[in-house]
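Please open the structure in a viewer and keep the selection tool at hand.

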Amino acid sequence: MRAVLATDLSDAIETAISSRTCLECLERYGIDQIDLVTVTSPNVTSGMPGSDIGARTKRGLERQRRLLEEEGFDVRTHVMRGTPHRRINGLADRVHADLVIIGSRGQSPLEQRFIGGTAKNVARTASRPLLVQRILEHGEEEHEVAAEHLFQRVLYATDFSENAERAFDQFQHLQHAAKEVTLLHVAPPERRSGSDPDAVADAEARLAELAAELEELGIETRTVVREGAAVEEILAAEQEFEPTTILMGSRGRSRMRRLLLGSVSEDVTARAQCNVLLVPPTGTR
């Protein structure tokens with residue numbers, strides 16, 4: 001399987017690339033090939049007199065390539081110019097990537113550009129599963145990944161839509177990496193048990209069916225049905241169960257209409273403290 005890994009060559013991203021535990025999790029997911037890509041601003045000219053930006057970019061990319069190759073990945077590197085999210089997603093489509101990985105924080109020393117903003121735009125236009133990896137910053141030079149065991153504990157949030165079912169299919173890849181899964185459904189306020197008790201009972205039954213599938217794979221599973229605002233309840237479940245990754249589907253229109261994440265997916269991605277694995281709808285090319 002193949003992943004596109006976006007880097008801004010910052011210390012924050014290198015912290016993630018240097019984590020053997022993180023890389024072992026990607027291997028258990030099935031990744032063995034990585035396209036390492038950095039995107040420079042079209043306004044920066046590497047050939048300007050006195051400028052060594054191009055050389056520094058190549059050196060930084062080569063250093064990170066070696067780190068990945070030392071862990072056994074087949075690595076290709078790409079230096080592109082243009083708008084980061086367009087170049088990253090364009091490359092992912094071109095190489096038929098199974099996963100796109102991007103850090104949620106970090107600042108490029110070359111472009112002074114926050115990769116967090118890039119991550120949001122990549123998510124809004126992604127046509128392939130996207131792992132938004134949390135990288136914590138402690139001052140300007142100290143960083144750590146929020147959860148080295150990327151997929152050890154997964155919180156799967158579902159509204160039982162077709163796109164949520166597509167996200168559940170990720171467990172075909174996660175079965176060798178996930179040890180514990182929480183299956184969560186949030187019933188909207190208008191369907192609270194006081195007015196529609198059958199709705200909650202039906203949700204519990206559907207979650208139980210999904211849990212049975214995962215338990216056959218040897219994954220410890222719990223089911224939770226909550227009532228209220230989806231974003232708040234998903235984030236409350238994150239605090240309670242401490243997942244390393246939240247798995248959910250994203251909704252949107254076609255790219256021709258500037259695909260937008262569903263508000264729940266976008267808000268959870270922005271506010272969650274752990275990693276988020278987003279699975280876009282089919283046909284978002």
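The model shown is predicted. Begin by selecting Leu26, Leu99, Phe151, Tyr156, Phe171, Leu183 and Leu247: these residues have the most contacts inside the largest nonpolar core, which comprises 47 residues. In soluble globular proteins, nonpolar side chains tend to be buried together.

Next, centre the view on Leu99. Leaving aside residues up to four places away in sequence, Leu99 touches Arg2, Ala3, Val4, Leu26, Tyr29, Ile31, Pro129, Leu130, Leu131 and Leu277. Then select Leu91, Ala97, Val122 and Leu235, which are among the 34 residues of a second, separate core.

After helix 4 comes His96, with a positive phi near 55 degrees.

Ten of them form an open sheet with mixed pairing, in the order 3-2-1-4-5-12-11-8-9-10. Strand 3 (74–81) and strand 10 (220–227) stand at the edges; each has a single partner strand, so one side of each lacks a neighbour in the sheet. From one strand to the next, the twist averages 20 degrees.

Within this sheet, select residues 2–6 (strand 1) and 33–40 (strand 2), which pair in the parallel sense over five bridges. Here Ala6 stands opposite Val37 of strand 2.

Finish with helix 9, residues 230–241, which packs on the sheet and touches strand 8 (153–157), strand 9 (180–187), strand 10 and strand 11 (245–249). The direction of helix 9 makes about 140 degrees with that of strand 10.

How values were computed. Residues numbered from 1 in each chain as written. Predicted model: local features only at pLDDT ≥ 70, side-chain atom pairs only at ≥ 80, totals over all residues. Heavy atoms only, no water. Pairing = 2+ DSSP bridges. Helix = DSSP H or I, 4+ residues; strand = E, 2+ residues; numbered from the N terminus. Axes fitted to C-alpha atoms, helices over the stretch in contact; angles between N-to-C directions. Contact = heavy atoms within 4.5 Å. Core = buried A, V, L, I, M, F, W, Y, C linked by side-chain atoms within 4.5 Å. Buried < 20%, exposed > 50% of the residue type's maximum accessible area, 1.4 Å probe, protein only.
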